[in-house]
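Dear colleague,

I am passing on the structure we spoke about, which you will find just below. My notes on it follow, and I would be glad if you read them with the coordinates open.

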Amino acid sequence: MSTEARAARFPAADWDGGVLPYRVGHRKLGMWLFIVSDSLTFSALLIGYSYLRASNVWPTPFPFYPSIVFSSVMTFCLLSSSLTMVFGVSASSRGDHAAARKWILATIFFGLAFVGLHLIEWKHLIDEGMRPFSLPAEWLTRYAAPDGTLPSPLFGATFFTITGLHMFHVFTGTIYLAVVAARVRKLKHEDVEISGLYWHFVDLVWMFVFPLIYIMSVDVGAH
Amino acid sequence: MSAHAEEHEHFAGSNKLFISIWVWLIVLTLIEIFLAYKPMPLHFMLTILLGLSIIKAALIVAYFMHLKFERLSLILTIVPMLVVCICLLFAFFPDSFRSLGLRYQFKEAPPPAAEPSH
């Protein structure tokens with residue numbers, strides 16, 4: 001019995017050597033491990049943000065327009081880009097390189113739309129006077145606690161760090177996908193799938209950034 | 001390999017599944033936005049939002065990232081240790097709640113860092 005056949009019957013034989021114990025190539029396993037480490041980076045940042053938020057008076061300054069409208073459209077862009085990426089990987093598995101390239105280019109389009117909208121949203125906040133270590137003067141009075149304690153200036157630091165790092169990931173992802181789209185005929189199917197893994201991970205991180213940073217900071221006029 | 005055949009079959013004929021996952025993700029996002037404007041206690045809202053986010057993340061990982069269709073050994077290598085590590089980070093929170101009471105509170109003037117803005 002060959003090692004492969006033995007491994008199919010006895011899972012323990014997977015670890016005897018001569019087969020791929022996880023049934024994925026080393027590149028794909030590497031991408032999964034990278035994703036695990038990167039998720040820890042983002043978890044640490046988001047938990048650090050939550051730590052600061054729980055130990056400070058925190059402003060909740062995001063209005064429905066532009067902040068929530070923009071971030072919702074951005075969420076829609078990222079979710080749709082994940083769908084087009086899935087179609088791209090699916091086309092690549094059928095060996096249809098032209099369709100795979102078309103879908104990956106659609107993914108890049110949505111990714112760039114996300115970055116563009118996010119930069120416009122940043123500009124709104126910067127124009128309003130938000131900086132990494134200070135808040136606009138009017139927010140200081142508007143979001144002060146009932147006992148007069150002023151809101152924490154770290155709002156800007158956490159906001160720009162977390163969304164900035166995420167935006168950097170999206171931007172890097174579009175470059176990665178552009179390379180994959182350009183070389184899609186030469187690459188193996190698994191390599192296209194690996195780029196898809198990275199892209200879905202970027203989408204996944206936003207699924208936590210959006211509620212924790214945006215939804216939790218909606219200005220509902222409570223103060 | 002049966003796992004391999006299943007993977008190809010899955011990729012070939014289930015765009016409908018992926019579109020339904022996408023619709024679910026959009027619906028859950030809309031629920032989150034709706035909740036933002038519902039007055040409710042902060043920790044209550046946080047619990048619901050995180051719950052929805054975890055469901056969304058699970059959908060993305062399981063279907064879009066295809067982990068549901070990978071070997072169990074790969075899933076067991078990646079997921080549990082990540083969950084444990086993230087849970088360990090929550091060990092800092094009692095200190096956070098404590099420092100809310102200890103912190104020097106700015107009451108008179110804006111914090112010094114607010115002045116030099118460039």
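A:P66 has its place in helix α3 of chain A, where helices (H or I, at least four residues) and strands (E, at least two) are DSSP runs numbered from the N terminus. The peptide bond that leads from A:Y65 to A:P66 is cis, with omega near 5°.

Please keep in mind that this is a predicted model, in which local features need pLDDT of at least 70 and side-chain atom pairs count only at pLDDT 80 or more, while totals for chains, interfaces and linings use all residues. Residues are numbered from 1 along each chain as its sequence is written, and chains are lettered from A and ligands numbered from 1 in the order in which they are written.

A:R23, found in the loop between α1 (3-9) and α2 of chain A, has a positive phi near 60°; B:H66, in the loop between α3 and α4 of chain B, has a positive phi near 75°. A residue is called buried if 20 or more other C-beta atoms, placed from the backbone, lie within 10 Å of its own, exposed if 12 or fewer do, and partly exposed in between. A:R23 has 17 C-beta neighbours inside 10 Å and therefore counts as partly exposed, whereas B:H66 counts as buried because it has 20.

Chain B has five helices and zero strands, and buried residues make up 14% of its 118 residues. Contact between the chains (C-beta atoms, placed from the backbone, within 7 Å) involves 51 residues of chain B and 47 residues of chain A. On the chain B side, α1 (2-13), α2, α3, α4 (72-89) and α5 (93-102) each give two or more residues, and α2(B) gives the most, with 10.

Leaving aside residues up to four places away in sequence, A:V209 touches A:I162, A:T163 and A:H166.

With best wishes

Technical notes. Contact = placed C-beta atoms within 7 Å.
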